[in-house]
Amino acid sequence: MHVIDSHTGGEPTRVILSGGPDLGSGPLAERARRLADDHAAFSQAVMREPRGQPAMVGALLVAPVDATCVTGVIYFDADAVLGMCGHGTIGLAVTLAHLGRIGLGTHRIETPAGVVTVHLSDANTVTVTNVESRRVRQGVSLNVAGYEKITGDLAYGGNWFFIVDPSPIPVAPHNIDRLTALAIAIRKAAIAAGVCGENGENVDHVILQDASPDPRIHSRNFVLCPDNTYDRSPCGTGSSARLACLALDGKLAEHTEIIQESVIGSPFRLSYSKGANGGVIPSITSQAFVTAASHLIFAATDPFKNGIPQAANTGA
Ligand code: PYC
């Protein structure tokens with residue numbers, strides 16, 4: 001299996017160029033369902049240690065349905081298939097440029113959530129124009145053990161997010177373990193309370209918002225991903241969901257750029273234009289860097305051919 005790794009603000013992306021499962025043809029959302037239903041062992045083998053690493057997102061290249069797209073892609077982590085991935089799309093564009101498959105300029109990429117565009121302005125800098133993003137519920141209160149109540153918004157940015165603003169725990173690197181435990185409890189409570197997307201989609205990510213100590217930065221976030229790791233970047237789809245909330249609350253005007261940073265201080269430049277269906281079309285700019293080009297080998301006799309199971313990793 002031939003892969004290229006990159007990171008976007010510290011968040012890793014692994015592009016699978018060859019050797020992935022054959023998902024057949026048809027709409028990418030159907031092919032993504034096949035990846036989720038029939039190929040969990042593949043996702044875990046490629047994302048988990050010893051071949052992968054915590055927080056890694058895979059980008060499986062597939063043929064696009066829309067011939068105007070340079071590629072189709074299905075994103076996944078060790079535990080879930082994603083509708084879209086913002087940091088991954090920045091990593092993918094830089095990887096395609098590294099391979100000489102795209103040049104500077106604007107290109108279309110098909111994802112299960114829809115077609116997005118990337119504008120590559122130099123070898124490392126990419127602006128993603130995401131799918132229309134929207135808030136679907138505001139001020140939802142959840143019962144979370146240890147807290148009187150946790151209130152947040154449910155919003156979509158290519159994946160489903162429960163967004164708590166402000167975070168009851170300061171968003172800072174020394175609090176990452178506590179933030180992770182709280183975000184896992186919030187996601188569990190949201191699912192138990194039936195807080196879900198219009199078609200029954202579960203909340204797959206949780207965002208805890210805070211102010212940044214740097215006055216030039218609009219805000220700082222902590223984002224929990226489906227595999228229970230935190231996003232080292234500010235999360236492109238999460239930032240998109242957040243932009244939808246800021247727009248609806250009248251807190252950010254159309255075409256006004258802000259900088260949002262992650263819990264480890266990685267910045268995304270964000271803005272939006274109004275969407276056709278009442279949501280926002282987010283624009284996300286950041287940089288990615290290629291870190292490795294490898295052939296993954298899966299020996300039949302390797303006891304960790306399918307990765308280290310999560311319980312063994314965490315002691316859970
Ligand atoms: O950047 O959209 C994103 C993302 C999703 C999961 C990890 N990163």
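Contact here means heavy atoms within 4.5 Å. With that in hand, welcome to a predicted model, in which local features need pLDDT of at least 70, side-chain atom pairs count only at pLDDT 80 or more, and totals for chains, interfaces and linings use all residues. Residues are numbered from 1 along each chain as its sequence is written, and side-chain values use heavy atoms, with hydrogens and water left out. The chain has 6 helices and 15 strands; helices (H or I, at least four residues) and strands (E, at least two) are DSSP runs, numbered from the N terminus.

**The chain as a whole**

- Along the principal axes, the C-alpha atoms fill a box of roughly 50 × 45 × 35 Å.
- Of the 316 residues, 53% count as buried (buried is under 20% relative accessible area, exposed over 50%, and partly exposed in between, with a 1.4 Å probe and protein chains only).
- Among contacts with a separation of 6 or more, 63% come from residues 24 or more positions apart.
- The accessible surface comes to about 12900 Å², and 51% of that belongs to carbon and sulfur atoms.
- The mean positions of the 23 positive and 29 negative charges are 1 Å apart (Lys and Arg count as positive, Asp and Glu as negative, while His and the chain ends are not counted).

**Aromatic pairs**

- The structure holds 3 aromatic pairs; rings of Phe, Tyr and Trp (its six-membered ring) pair if their centres lie within 6.5 Å, and planes under 30 degrees apart count as stacked, over 60 as edge-to-face and the rest as tilted.
- One of them is the tilted pair of phenylalanine 42 and phenylalanine 76, at 5.4 Å centre to centre with 50° between the planes.
- Phenylalanine 42 lies in helix α2 (residues 40-47) and phenylalanine 76 in strand β4 (residues 71-76), so this pair ties together parts that are 34 residues apart in sequence.
- Both phenylalanine 42 and phenylalanine 76 are buried.
- Phenylalanine 222 and tyrosine 230 form a stacked pair, 6.0 Å centre to centre with 25° between the planes.
- Phenylalanine 222 is buried at 0% relative accessibility, and tyrosine 230 is buried at 14%.

**Around helix α2 and strand β3**

- The buried residues in α2 include Phe42, Ala45 and Met47.
- Buried residues of α2 pack against β2 (11-18), α1 (28-38), β3 (57-62) and β4.
- Glycine 58 sits in strand β3 and is buried, with a relative accessible area of 0%.
- Not counting residues up to four places away in sequence, glycine 58 touches Arg14, Ile16, Met47, Ile74, Tyr75 and Phe76.

**Two more residues to look up**

- Serine 6 is found in strand β1 (residues 2-8) and is buried, with a relative accessible area of 2%.
- Leaving aside neighbours within four places in sequence, the contacts of serine 6 include Glu11, Thr13, Gly91, Phe289 and Thr291.
- Proline 168 is placed in the loop between β10 (160-164) and α4 (176-192), where proline 168 is partly exposed, with a relative accessible area of 40%.
- Proline 168 touches Tyr147, Ile150 and Leu182, not counting residues up to four places away in sequence.

Terms used:
Areas by Shrake-Rupley, 256 points an atom, 1.4 Å probe, with all protein chains shown as cover. Charge placed at Lys NZ, Arg CZ, Asp CG, Glu CD.
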